[in-house]
Amino acid sequence: MDTSDFSKIKQAAGPFATAFVDVSRATENGEHEHELRVRAAAAQLSEQGAAEDVVETVVRVLSAPLDRPAPVGRLVVANAGGVVLDEVATVRVDRPVATWGPLPDLAAWVEHRDSTVSFVLAVVDHTGGDVAVHLSDVPTALDAQRIQIDDERVADVTKVPVGGWAQKHYEVRSENVWRDSAEEVVEAITSYVRAGHRLVLLAGDPTSKGLVRERLESSTAEVVELSSGQRAEDGGDAALQQAIREALMQQVVQRRLGVVAELKERLGRGEAVAAGVEAVADAFVRGQVDTLLLDPSRAADAELDPSRHEGLELGEGVPQQPLRADQALIAAAVLTDAAVTVSPHQAMRGEPVAALLRWDQPAVGTQDS
């Protein structure tokens with residue numbers, strides 16, 4: 001994932017309270033269950049020594065009502081100055097987080113966000129299309145456009161052929177309208193692709209999908225045609241929703257497999273790669289890390305001692321003492337604009353973390369303490 005989402009943390013000073021909690025209220029006892037989850041998070045923060053005013057800030061944010069269908073997870077990071085980060089997503093929180101320490105505890109949120117996908121959904125027919133930008137963990141579109149040709153041209157498309165010389169005339173006019181409609185849809189899609197949304201899911205009428213896809217061949221978009229889904233007012237096509245979920249899951253799997261394949265190739269060559277907490281920390285000192293890979297549970301069990309890595313930037317006021325490796329290395333990634341992704345430790349030669357580097361440079365080794 002792109003760590004620019006955490007940019008607000010760069011200028012913040014610890015210690016930090018971090019809470020990642022299920023804030024759903026969908027069940028019959030939803031309000032009570034939600035209150036218990038928030039209380040549990042507050043109690044854990046207090047037990048770890050969090051300041052009372054910081055705990056109150058976290059509780060206030062987690063208690064605020066949200067008009068969203070379950071499941072809903074909310075991430076809150078706060079310090080003495082107030083809320084540093086507040087994020088909401090459609091996600092089940094099976095392992096809630098409530099920690100107080102010198103660094104934010106972001107690994108669980110990274111693990112979730114690493115499985116989200118930004119995409120353009122275009123549902124098209126002969127009279128236009130519905131084009132929208134989505135993030136897979138947000139239930140509503142981030143932005144949307146409806147393309148609809150005017151009533152007179154719709155009549156050309158829907159008019160029943162009468163045979164004879166007039167039939168060919170109507171066929172030509174209809175085909176022209178279909179092409180014009182496809183051009184307008186492509187223009188809308190392209191505007192979103194240029195904004196950075198590279199994945200396009202294309203659904204709707206087969207002929208219209210073909211016309212749109214043909215016109216997108218020269219773009220940088222990755223176009224996936226869905227077999228289900230027609231343009232409808234209610235957007236309630238269950239088959240379409242299932243096709244979207246399957247396409248997005250395939251994208252996540254392909255992305256992660258691609259990262260693992262690149263990691264293995266670099267490890268095999270011994271070039272532009274680092275594996276293990278110490279080697280990755282040294283690479284951060286040199287500003288080499290392009291992408292940090294971590295196994296969240298394994299990295300949480302490992303330690304990193306900043307005093308062994310002179311020049312390792314972790315933020316204001318971070319003590320020079322052993323820290324959780326996942327927290328320290330994610331902080332280093334945020335401060336150096338490196339990406340972060342999740343990978344199983346088996347793919348990293350059994351190490352809890354690894355890194356794809358911006359350039360190759362022989363490691364100088366960890367300094368002696």
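1. Among contacts in the protein between residues at least 6 apart in sequence, 67% join residues at least 24 apart; contact means heavy atoms within 4.5 Å. The model is a predicted one, in which local features need pLDDT of at least 70, side-chain atom pairs count only at pLDDT 80 or more, and totals for chains, interfaces and linings use all residues. Residues are numbered from 1 along each chain as its sequence is written, and side-chain values use heavy atoms, with hydrogens and water left out.

2. The secondary structure comes to 10 helices and 15 strands. Helices (H or I, at least four residues) and strands (E, at least two) are DSSP runs, numbered from the N terminus. Of the 369 residues in the protein, buried residues make up 48%. Buried means under 20% relative accessible area, exposed over 50%, and partly exposed in between, with a 1.4 Å probe and protein chains only.

3. Axes are lines fitted to C-alpha atoms, for helices over the stretch in contact, and angles run from 0 to 180 degrees between N-to-C directions.

4. Within this sheet, β5 and strand β8 (residues 199–204) pair in the parallel sense over 6 bridges, and Leu121 stands opposite Leu201 in β8.

5. Strands β11 (residues 289–294) and β15 (residues 353–357) pair in the antiparallel sense over 5 bridges, and the bridge partner of Thr291 in β15 is Leu356.

6. Asp114 lies in the loop between α3 (107–113) and β5 (118–125). Is this residue buried or exposed? Asp114 is buried, with a relative accessible area of 2%. Leaving aside its neighbours within four places in sequence, Asp114 is in contact with Met1, Val252, Arg255, Arg256, Val340, Thr341 and Val342.

7. Ala283 belongs to helix α8 (residues 277–285) and is buried, with a relative accessible area of 0%. Apart from neighbours within four places in sequence, the contacts of Ala283 are Ala274, Gln288, Val289 and Leu357. Ala283 and Leu356 are 73 residues apart along the chain, and their C-alpha atoms are separated by 9.6 Å.

8. The buried residues of α8 are Val277, Val280, Ala281, Asp282, Ala283 and Phe284. What covers them includes β10, β11, β12 (303–304), α10 and β15. Just after α8, Gly287 takes a positive phi of about 70°.

9. The axes of α8 and helix α10 (residues 325–335) come within 10 Å and cross at roughly 20°. That angle makes α8 roughly parallel to α10; angles under 35 degrees count as roughly parallel, over 145 as roughly antiparallel, 65 to 115 as roughly perpendicular and the rest as oblique. The crossing of α8 and α10 is left-handed, a term used if the near helix is turned anticlockwise from the far one by less than a right angle, with right-handed used if clockwise.

10. Which residues meet where α8 and α10 are in contact? Val277, Val280, Ala281 and Phe284 in α8 meet Ala325, Leu329, Ala332 and Ala333 in α10. By class, this contact has 8 nonpolar, no polar and no charged residues. Ala, Val, Leu, Ile, Met, Phe, Trp, Tyr, Cys and Pro count as nonpolar, Asp, Glu, Lys and Arg as charged, and the others, Gly among them, as polar.

11. Helix α10 is mostly covered, with 10 of its 11 residues buried. The buried residues of α10 include Asp326, Gln327 and Ile330. Just after α10, Asp337 takes a positive phi of about 60°.

Terms used
Two strands pair if DSSP finds at least two bridges between them.
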